[in-house]
Amino acid sequence: MSETFERGVALTASRRFRAAILGAGGIAELGHLPALRAQSHRVDVVAAADVDPDRLDTFVRKHEIPAGYGSLEAMLEEQRPDLVHVCTPPFAHVDAVVSILNAGSWALVEKPPALSLAEYARIERAERDGGPYASVVFQHRFGAGALRLARQVETGELGRPLVAQCDTSWFRGHGYFQVPWRAKWATEGGGPTMGHGIHQMDLMLAVLGEWEEVRAMAGRLDRAVETEDVSMALVRFSSGALATVVNSILSPREESRLRFDFTDATVELKHLYGYTDANWTYTPAPHVSEDTARIAGWTRGAGDDGQSAGEGSSHTSQLRYVLDAMERGERPPTSGPQGRAALELITALYRSAFTGQPVLRSQLGPDDPFYHQLHGGVPGWAPEASGEIESGGTGVSGTGVSGSGVGVSVGGASDGSVGGEGDGLRVARLTRRDEKSSLSVEAGGTELLRYDYRPQLDTFECRSPYFHPLRTLSGGTVTCNRPNDHRWHKGLAMTASHLSQQNFWGGGTYVHGAPGWGYVNLPNVGRMEHTGFDEVTDGGGAGGTGDAGFVETLDWITSRDELWIRERRTLAVRDVDPDGGSWVLEFGTELHNVRGQSLDFGSPTVFGRELAGYCGFFWRGPREFTGGAVLTSGGREGQPAAMGHTSPWLAFSGEFDERDGSATLLFVPDPANPGGDPYWFVRSEPFAAVNPSLAFFDSLELPADQTLRLRYRVAIADGVWDHARIEAYLEAHPW
């Protein structure tokens, strides 16, 4: 414990470090890159590697990374980085880390570091005295609150540890496990005990130290998984303290919770995926309640060396310690025995749960079958040989694995849909309502959407395709079409109110200084003409598991009959999840400028009207959603907190008239869209509307003969989703 929490040493870097990233998925973008940027004064990101060429290209371009590679080996040979961040799926960790260490580079590897203690031993054997070493991402150890508590335990400031509770109570719906490598022993190593609760258990170990005995139970209570979906354990520590441990992905009200009862105080941490100092609570025992000076000292000051006062848990907070260790040529925190500690506890938990016997730490050795596989070969838990997963390939497309010498071939659907007998509710099917005008998609007897691609509208309303109605799985309509306040608002549509003085939305055009609100009915309203479908997928697929959708071509034609834009538009209806009450509309567009000169996308705000920055993908909600709830990232709520601000997502919830119930629409732009997180145009009053704007404050130029590519997802769900539910959903459904 003291090794992890020793006071940091203020250093002046004698050289800059060269860092690389293996795996260009969500955790690399959301966790590792921000950490590296925060240490830009001492580290350069020189390369990234991934087997998916498109994802790699998007990743390196978006983040201005100098070089991209299709294999780990090529990256190591040409770049010779000092540090490689390993962001692949769990089954590819060990081979990658061993290759990195053998090449002389240090590694920072995502949890779990290995699928078994035997695999972890391979990492330890590849390390060398003085480096290179492999450190595991256990970022909860490094927030100021955890560092402070560990120091207090070490000095005895709070008395002896007596009782602890460690709960990871999260929620993952059935659709989450359609990703082929999840909840399989061969590819993830275990269930929530291994993949979710590992962070809280590691923090518990960092505070309480070594354990001696585990008694546990596990079950498959609701999810169709190969592993467990819940586990519970009792743990006895060397100090004599006793702890309970819960790991669940069945808990609708999600929470991560740690409670430590000492002789002089109770310390409690409540959060979800990361904490700050505000998430820690200290309660003094009655016999010290009047010692106010002592109590005040418990929460005063930094967690370690004075540099991290108030710092929360994050990859950023951990990376500083790794770089410091590299500077000194010393073993970094959460490597070696510390990196193995949580895996040892997890191994004992599985062994106890599957055998019904208590497990002592001394029993975990190479002669134990659980040392090699966490199911231990126990009938009913060990997978039957099915040929579904085969090792020995060269990579996994779409997973971020590259050059590790490990691959899988997975049978069945990989797109999040579910087919087969009894799963009709999960299959979206597309039909043509009218060969000349519209398409319809339904699932489980509910029409989820109708797409009118040749609408018969007045020129003033802009004749352009739109989606209406959109419905929840329970049948609630969540769009409004041609309302009396704005006849040109049409459900969900691609729009451009200001495009080089032309109007491709309808209604009046904002002219600064004009009387009234400034909107003038000009003869500048163009149209979007459907020219054909390149592809229409009915959703049947092999076994009825494909996404329903289409690929369409359109022409943007001005009021003067000039062709300005040729568009290629795509739709996919996916992730139909009756258990979670949601489905996803995925919309993509490629806008190619054929005008012969630049086009400028704008908005009323660009031309002088305050907070009217609408431009692009626009949703108009039903009348009854007026006054609905608006949520964005960072815990922000309400229209004022979202209007004109950036966020990677926005959610709008409203309650239906006439029928019981409510709905939430979660808008998620592709992070690869130009400009990064969009500025949002959103109204809750006087009507419901959402638009991730292309040109809120500033115009967006589309040069001649260039293409603007955009993608958006809209998750349409029954019920009201809060921040915790949204963040969990986004983690389970990354781009």
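Which loop holds Leu611? Leu611 sits in the loop between strand 28 (599–602) and strand 29 (617–620), and point 1 picks up from there.

Some ground rules before that. This is a predicted model, in which local features need pLDDT of at least 70 and side-chain atom pairs count only at pLDDT 80 or more, while totals for chains, interfaces and linings use all residues. Residues are numbered from 1 along each chain as its sequence is written, and side-chain values use heavy atoms, with hydrogens and water left out.

1. Leu611 has a positive phi near 50 degrees, in a residue other than glycine. Its relative accessible area is 37%, so Leu611 is partly exposed (buried means under 20% relative accessible area, exposed over 50%, partly exposed in between, with a 1.4 Å probe and protein chains only). Asp561 is another such residue, with phi near 65 degrees. Asp561 belongs to the loop between strand 25 (548–557) and strand 26 (563–577), and counts as exposed at 56% relative accessibility. Helices (H or I, at least four residues) and strands (E, at least two) are DSSP runs, numbered from the N terminus.

2. Cis peptide bonds. Gly131 and Pro132 are joined by a cis bond with omega of about 10 degrees; Pro132 is in the loop between helix 6 (117–126) and strand 6. The bond from His468 to Pro469 is cis too, with omega near -5 degrees, and Pro469 is placed in strand 18 (residues 466–470).

3. Helix 11, length and ends. The 14 residues of helix 11 (residues 315–328) should span 20 Å at 1.5 Å a residue, and the end C-alpha atoms are 20 Å apart, which agrees (the expected span is 1.5 Å times one less than the number of residues). At the start of helix 11, a side-chain oxygen of Ser314 comes to within 3.2 Å of the backbone nitrogen of Thr316. Gly329, with a positive phi near 70 degrees, follows the helix.

4. Because 11 of its 14 residues are buried, helix 11 is largely enclosed by the rest of the structure. Among the buried residues are His315, Arg320, Tyr321 and Asp324. The elements covering them include strand 1 (17–22), helix 2 (26–38) and helix 7 (144–155).

5. Helix 2. Helix 2 bends by about 35 degrees at His32, with Pro34 following within four residues (the bend is the angle between axes fitted to the seven residues ending there and the seven starting there). Even so, the 13 residues of helix 2 reach 18 Å from first C-alpha to last, close to the 18 Å expected. His32 is one of the buried residues of this helix, and helix 11 is among the elements that cover them.

6. Glu254. A polar atom of the Glu254 side chain lies 2.6 Å from the backbone nitrogen of Phe171. Beyond neighbours within four places in sequence, Glu254 has contacts (heavy atoms within 4.5 Å) including Trp170, Arg172, Tyr273 and Arg725.

7. Cysteines. The structure holds 0 disulfides (pairs of cysteine sulfur atoms within 2.5 Å). Cys166 is buried, at 0% relative accessible area, and Cys462 counts as buried at 0% as well.

Methods
Polar contact = N/O pair within 3.5 Å; in protein donor to acceptor, adjacent residues only side chain to side chain.
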